[in-house]
Amino acid sequence: MYPAPFEYLRPATIDEAIALLVTHGEDAKILAGGHSLIPAMKLRLAQPRYIVDIGRIRGMSHIRETAGRIVVGAMATHDAIERSALLREKCPLLPETAGHIGDVQVRNKGTIGGSLAHADPAGDWPAAVLALDADIELAGPRGRRTVKADGFFVDLLTTATAPDEVLVEIRVPITSAKVAYEKTEQKASGFAIAGVAVVVEQGGVRVGVTGVAAKAYRAKAVERALAGQSAPTAEGIARAAALAAERVEALGDIHASPEYRLHLAEVNTARALRRAYGN
Amino acid sequence: MSAQAKKYSGQPLKRIEDPRLIKGIGTYTDDLRLPGLLHVAFVRSPHAHARVTSIDTSVAKAIKGVVAVLTGADVNEKCGVVPCAAAIPDLKLPKHTVLAGDRVYFVGHPVVVVVADDAYAARDGVDAVEVEYDPLPVVVNPEEAIKPGATLTHPDLGTNVAFTHNVNGGTDIDEAFRRADRVIKQRVYHQRLTPMPIEPRAVVASYHAGEGTMSIWSSTQVPHYLRTLLPGMIGVAENKLRIVAPEVGGGFGAKLNVYAEEALCGHLAMRLGAPVKWAESRRENATSTIHGRDQIGYYEVAVKNDGTILGLKARTIADLGSYCQLLTPAVPTLTGLVLTGCYRIPAVKMEIVGVYTHKMATDAYRGAGRPEATYLIERLMDLVAKELGLDRVDLRLKHFPAPTEFPFGTACGVTYDSGNYQGALEKARQLADWKALMSERTAARKSGRLFGVGVSTYVEICAIGPSAAMPAGGWEWGCVRVEISGKVTAITGTSPHGQGQETSFAQIVADQLGVSIEDVVVMHGDTAVAHYGRDTYGSRATVIGGTALVMCTDKIIAKAKIFAAHLLKVAPDQVAFADGQFSAPGAEKTLSLAAIAGEAYVAKNLPPGLEPGLEASSFFEIPNFTFPFGTHIVAVEIDRETGQVAIQKYVAVDDCGPQINPLLVEGQVQGGIAHSIGQALFEQTVYDENGQLLTGEFMDYAMPRATDIPEYILGHTVTPSPTNPLGIKGVGEAGTIGATPAVANAVIDALESLGVTHLDMPLTPERVWRAIHQRTVATV
Amino acid sequence: MKITTSAAVAAPREHVFSALNDRGVLRRCIPGCEELTDVDEETFAVKLKLGVAGIKGKYAGTATRQDLLPPESFTFALDGKGKTGFVRGTAAVRIETQGEASRIDCEADVQIGGAIAAVGSRLIGAVARKLTRDFFRELADAIGAPPDVSDQNEIDALPDPGRDERLE
């Protein structure tokens, strides 16, 4: 449980952090809440030479409403999101999802930005930001850019974030209470075996699925099946949910076979849809 | 035992040891800081079976801070082999050196030891050692391992079968099966488990070259076993060896052992002339600290159509792993002692085959042998009831011995000390509101819900054990000293590591001596203080260790009475002792124990012929095991779509005799049931077909969490044991033994309508879903 | 662990076969390859920096070509290790002509051990798939054909508690 030697760097600003990333290239790794990185370092599976701790940069953990959108700083902890009165009222999917992450200790330290940038295929946040069609803002030496959640998750543990970029903020729409996150957790780790987030909007629905495949994805076949319906029938929901894992290559491990994961994707999609539609 | 009013015994006192633990100021082994302390780390095999073709330590030795890098060739000749103390006839034992020689036999097998002046340098040194392996064929499945031509775990042994143990008891088994109307058969697999104490192992060793004395601190359950067995490994005589078990953060049997690392640390401290420390990582704990269970059993029950059970035949294949640790081969044989459970079963035949495979050794894990037996017989009772269309509770009741039949001799060759199985069952049914529960079950099923109720009635073996049944003494030692100030020091040879005996033993001693509990200190776990002991395992400490302390207080009171008679100027037989005061008819005053203690040490007015001081020590030898028992009732509901099991109700009635501290009893029962729920529903140690351990961290080894545990409804009946003056039976493992079959039976009951009669543990959502899914598909 | 991967490359199979047996092409296509040196006609040694995201390790190993049947099939015997674990096994490659293009089927049967097996089992299958996908993408690029990496991959990986015959 003793990590390999590394140098600890603590920038005071986002620009300083970017400069450090530019200087040290792929030898550097950003430390946010540390709940994925530090265990990997202690097992020496990860041996970054430079740790860039962004935990002391001011103004990265805000949760606020700006210009009709909800803006969440990358360093907002899962716990802060779970407890936010603003989010409970205007974007209840985020607090609901936060409540499913790890345990109290993990939620106290872990951050939404760290979790998204790590892109664990069984993390909870990817499902929620996909269903919310979030904008993810990245800052780098070439300035700032916004990536849609749908294009953010590239592959296993791989995102659209460049090695010299910092994930700074997530922007999501204000939603009604017609949202839901249904998750089956892996018993040992608490990660998702299949987690499904649903956001019902005027004339449509968005569905994000995590834990099932190498990366989280939008279940667009489900969304298409329900497009234009404001109150689908139970049968309609069941038919749509059956498409949740269509053409998906599922993960398998000692906790859940690919077959079971695909099944749970369907079950949890149906449950999340029923709850979100109030059906 | 004196007829003292019991002020403390029976009270649910909070644990005396808790404040320091809660405040984080307890001292665990890894908290020890000795001047010049060196740190130890191990290079461990990533292969389950391989030839070690070369080891290059040169780069590691050059790392700044690294003091020594040693291989098997450097230490195995100087350090004795890891001992196995199990008395199994014709046991085939591989030579278990402290580091691997030219072969490795399991993933996690220590190959090289690195010593450095800090823990980081030691770990860097581990990474810098280059070991070349030539992988060899691996055998991981014990049923494959006993087939002719199987890959051999240890080719030099010529076989994978370590031993075959037979139990033949009661009436003629063949006759029983001839008379049977039916024979019911089932294969049962008891999965491998990892004990996972919250504190992994840790060792500190310090050698005083001038005195030739060695002190070893270890996170162990058995400091006295270490003091007996380490001298043969490290060459320091027993009377120059001190073992200390500081705070120990749980053991569950995993620390009832003598490990290579303990001996190696002692050896290194001598060899390097400096104290050394090794603190195990969680991953090392998963790979290289013993595992539990892992038995496959084939069982046959001979029954009459009215449900009468005539006999039981069993063949158990026990996966020992690659080596025998301290009690590895003894654990499966314990299964044979209570195979018939609470029931009158006249004939038993059991064959237990111990098998070597390329995995970590199995050994005692909470319950050790009894959970296997209980799970088995309780599953079989349900299978018999189901097959014959009988009520499972009636079937159990039909086979209970009557309370008046105790002591009750069983076909397994043991004699149950006392029992009232009907009483515990009845109380559990009351607490569960049995009729309402069964109505709920009926109603739920009518509406298509998968709702099940499980029952388990168990008897287990505690107070392990009578010396006749033990490899090297099953007695316990204690010492009580009334100090000159009147304060009382009680020293026990048991080694509590979470059981709370600093509290329960203080309750016993304070009551015996009529002093305030605040004036009693219980000391343990240091062989320089507790000179003799047989330590803590097998739910033995309170029964045997507690009685040894009672014997000490009896001796003290007897001696104090002679002092009192002398001081009160009366005949000794006129002195009475009550509430801490010595009195005599017609005497002007009474004397407190403290007053007598003062006289005993000042020693200016001694009774003729009496030694000064007020101290006594005793060894207690128990005449038999104790046999606690009880009934657990569980209700579960299964989510048909996902296979998730939710526990709706949990009732446990345990009878451990009179309770010294009901709060501690409840804690033991609660923790035991949590362990059981873990085994029944979540936990399993998984090796892949190449012998790679896949459950090497809490990420993959599924421990139950607080949110998985329902509210328990707990009750007790009290049937004293005739084996000891306190009448107590022990409770450390009861929950682990009674609960697993109750939970499993409930889940299988819930699947009854789908035609499921048996599923092996753990009953994970996927396994349950597959059972539902396949049956549903099959019937559609 | 068995990993089955298929890829289609828009080039004749002779072309694909020779690319797969060209050490210059392999050096370019093997993910994380830092060094590739010849041992003999059939065996080459590689040094890799392998992994995903921050979880990277250095590995050294050899690949030996066996059962060469040009332009149809061959097998690599693989043996590699690093500080966080080892990989051993075989990868059998079959190339079939499909019209203008070639279909490559790769069936790897590998044993993975060490820390990565003990603590990373849930990700190993997915990592292996990602790496093979990356390999074929590069291969297509090296041959100058448009990539068309199929997602019809199958992982028949770890003992599945629901299907372990010992447990049934």
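**Figure 1. Helices and strands of chain B.** In this predicted model, chain B holds 21 helices and 28 strands; both are DSSP runs numbered from the N terminus, helices being H or I of at least four residues and strands E of at least two. The radius of gyration of chain B is 28 Å, close to the 28 Å that the globule rule gives for 780 residues, so chain B is as compact as a globular protein of that length. That radius is taken over C-alpha atoms, and the rule is 2.2 Å times the number of residues to the power 0.38. Along the principal axes, the C-alpha trace of chain B spans about 95 × 70 × 50 Å.

**Figure 2. Burial and contacts in chain B.** Here 65% of the 780 residues of chain B count as buried, that is, under 20% relative accessible area (1.4 Å probe, protein chains only). Take the contacts in chain B between residues at least 6 apart in sequence: 80% of them join residues at least 24 apart, a contact being heavy atoms within 4.5 Å.

**Figure 3. Surface and charges of chain B.** About 26400 Å² of chain B is accessible surface, and carbon and sulfur atoms hold 53% of this area; the areas come from the Shrake-Rupley method with a 1.4 Å probe. Chain B carries 70 positive and 83 negative side chains, with the centres of the two sets 2 Å apart. Lys and Arg count as positive, Asp and Glu as negative, while His and the chain ends are not counted; each charge is placed at NZ of Lys, CZ of Arg, CG of Asp or CD of Glu.

Figure 4. Turning to chain A, you will find 12 helices and 14 strands. Its C-alpha trace spans about 55 × 45 × 35 Å along the principal axes. An automatic or database assignment divides chain A into domain 1 (7-53), domain 2 (63-173) and domain 3 (179-277). The C-alpha centres of domain 1 of chain A and domain 3 of chain A lie 34 Å apart.

**Figure 5. Burial, surface and charges of chain A.** Of the 279 residues of chain A, 59% are buried. The accessible surface of chain A is about 10700 Å², with 50% belonging to carbon and sulfur atoms. Chain A has 33 positive and 32 negative charges, whose mean positions are 3 Å apart.

**Notes.** Residues are numbered from 1 along each chain as its sequence is written, and chains are lettered from A and ligands numbered from 1 in the order in which they are written. Local features need pLDDT of at least 70 and side-chain atom pairs count only at pLDDT 80 or more, while totals for chains, interfaces and linings use all residues; side-chain values use heavy atoms, leaving out hydrogens and water.

Notes
Buried means under 20% relative accessible area, exposed over 50%, partly exposed in between (1.4 Å probe, protein chains only).
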